[in-house]
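Here is a short tour of one model, written for someone who likes cut-offs stated plainly. Have a look at the structure first, and then we can go through a few local details together.

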Amino acid sequence: MDPRDTAPDSWEQEDDVEATADGQLEAAFTTLNVNAKPFVPNVNAAEFVPPFAMRAPSENIDAAVPVENGDTEMTAEEPWDQKDEEPTEEEPGGGDRGPGELATPEDTAPEMMEEEEEVLVPKVPPIQPDAPKKEHINVVFIGHVDAGKSTIGGQIMYLTGMVDKRTLEKYEREAKEKNRETWYLSWALDTNQEERDKGKTVEVGRAYFETDKKHFTILDAPGHKSFVPNMIGGASQADLAVLVISARKGEFETGFEKGGQTREHAMLAKTAGVKHLIVLVNKMDDPTVNWSLERYEECKEKLVPFLKKVGFNPKKDIHFMPCSGLTGANLKESTDMCPWYTGLPFIPHLDSLPNFNRSSDGPVRLPIVDKYKDMGTVVLGKLESGSISKAQQLVMMPNRHVVEVLSLLSDDVETDDAGPGENLKLRLKGIEEEEILPGFILCNSDSLCHSGRTFDAQIVIIEHKSIICPGYNAVLHIHTCIEEVQITALICLVDKKTGEKSKTRPRFVKQDQVCIARLRTAGTICLETFKDFPQMGRFTLRDEGKTIAIGKVLKLVAERD
């Protein structure tokens with residue numbers, strides 16, 4: 001009877017604290033925990049077991065093993081939250097696993113599997129103790145098709161050690177077989193067969209790398225104009241955009257002239273809320289360019305006025321640098337090929353950027369980018385504000401499903417809690433994968449985000465041949481959500497220079513005009529006013545494969561029943 005009684009005690013450790021048992025031991029343990037909090041699980045699995053296994057027989061726990069065994073496996077994650085409060089109890093936990101393995105041979109197989117899994121996961125994060133200190137930054141690579149976005153992404157991963165040489169050599173061999181040897185670097189990010197065969201990115205590729213001070217997530221956006229909707233989803237998660245342009249003769253011009261993607265992507269990045277833009281002038285090693293300063297300046301002169309028009313400040317927000325994605329010149333180390341460029345190379349420049357200020361105490365807002373089934377429902381997205389921890393109850397808007405976070409992965413590394421700006425994978429309980437759509441938002445129950453169908457917004461018409469009247473339909477892209485929308489009424493025109501609003505209602509708007517209009521979506525979507533929450537209050541309108549307008553939500557209109 002006795003041993004069984006001791007088991008629940010060790011289970012509900014907060015209620016019944018056995019401080020009297022081992023005062024000094026407890027003190028020693030708490031200091032240990034404070035010093036290396038995230039690291040505890042490994043250490044515990046690898047090194048702490050033997051000493052406790054020796055001490056354990058004195059408190060006969062073996063009998064308790066069968067009772068608690070199922071539970072311990074089920075809640076393998078729980079002990080590390082509780083370890084802070086009551087470390088002494090980890091001792092039976094450790095001891096209980098040791099004898100458990102010896103005592104019951106049938107259990108050894110699953111038990112060993114469990115052990116291995118635990119050891120396998122943290123192969124990535126020996127860096128974990130200071131991981132929370134590193135700031136998370138999401139970088140989206142944008143630009144015209146074939147400018148070299150994926151190649152630069154692959155090269156960066158190689159230079160920072162995220163892809164090993166052997167893998168790259170394998171890619172190089174495979175690419176040579178297909179007569180595509182210059183594409184091998186992009187295969188690190190373009191993983192599916194279709195993307196590799198055509199050499200075009202379709203979905204937004206994800207990868208991550210670390211520098212001394214920061215942790216970066218690469219979002220590799222597609223450049224092809226058919227896949228602009230995917231690119232908008234990628235840009236809406238980014239803090240920083242890298243506009244890749246090709247310096248090769250003819251390629252820069254096609255990307256930049258009307259209908260090229262360089263213009264559209266720069267504009268969409270600005271609308272998606274990217275504040276800082278780095279322009280990488282790629283393919284400088286090309287025979288037609290040969291690192292010539294004239295060509296670099298020519299590209300720069302053409303781009304600056306346009307970026308200025310989009311709303312970037314050339315002095316503060318834009319930084320130009322030459323590079324070569326294929327050879328890796330000027331990405332990590334500066335190169336002798338261009339003595340005229342005196343600034344930092346690309347990766348050191350990213351590292352030297354000032355920190356972004358993010359509020360971790362705001363309401364939880366996580367727009368969902370993607371979802372899939374994997375031992376439950378898994379959703380991906382970037383946490384825009386607030387912080388999420390394991391076992392937290394959240395609400396999925398606009399359906400108001402209450403869900404629980406079973407596990408959290410930040411860039412494929414399991415964590416207990418995550419702050420704003422991190423790219424997360426969440427495994428949720430209480431909702432089916434079919435019930436989630438990209439564009440849904442996870443919120444905390446005490447401050448839900450707004451949802452609705454009708455809203456007033458200020459719109460800038462960027463490119464539209466004819467006039468736009470009430471009743472016009474387009475596709476609305478707001479944060480990660482894509483929904484059909486109709487302009488139901490034009491409220492007034494806004495003067496671009498003075499900001500004055502017209503007294504009369506306009507009958508139509510045309511290109512380059514700014515107006516305030518009432519929009520109504522086909523289904524209910526989550527949104528906030530731009531003033532309250534900029535990331536969820538800015539949007540783009542697209543039609544016939546072109547971006548027609550950009551805008552911001554001014555007011556949410558309640559539904560009339």
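How many residues lie between β11 and β12 in their hairpin, and which residue in the turn has a positive phi? There are 2 residues between the two strands, and D411 has the positive phi, about 50°.

## Ground rules

This is a predicted model, in which local features need pLDDT of at least 70, side-chain atom pairs count only at pLDDT 80 or more, and totals for chains, interfaces and linings use all residues. Residues are numbered from 1 along each chain as its sequence is written, and side-chain values use heavy atoms, leaving out hydrogens and water.

Helices (H or I, at least four residues) and strands (E, at least two) are DSSP runs numbered from the N terminus. Two strands pair if DSSP finds at least two bridges between them.

## The partners of β11

Strand β11 (residues 401–410) runs antiparallel to β10 (residues 393–397), and 4 bridges join them. Q393 stands opposite E404 of β11. This hairpin has 3 residues between its strands, and R400 takes a positive phi near 60°.

With β12 (residues 413–415), β11 pairs in the antiparallel sense over 3 bridges; here S410 faces V413. β11 also pairs antiparallel with β14 (residues 423–429), over 6 bridges, where L409 has K425 as its bridge partner.

## A look at T151

Helix α8 (residues 149–159) holds T151. Buried means under 20% relative accessible area, exposed over 50% and partly exposed in between (1.4 Å probe, protein chains only). T151 counts as buried because its relative accessible area is 14%.

Leaving aside neighbours within four places in sequence, T151 is in contact (heavy atoms within 4.5 Å) with L185, S186, G325 and L326.
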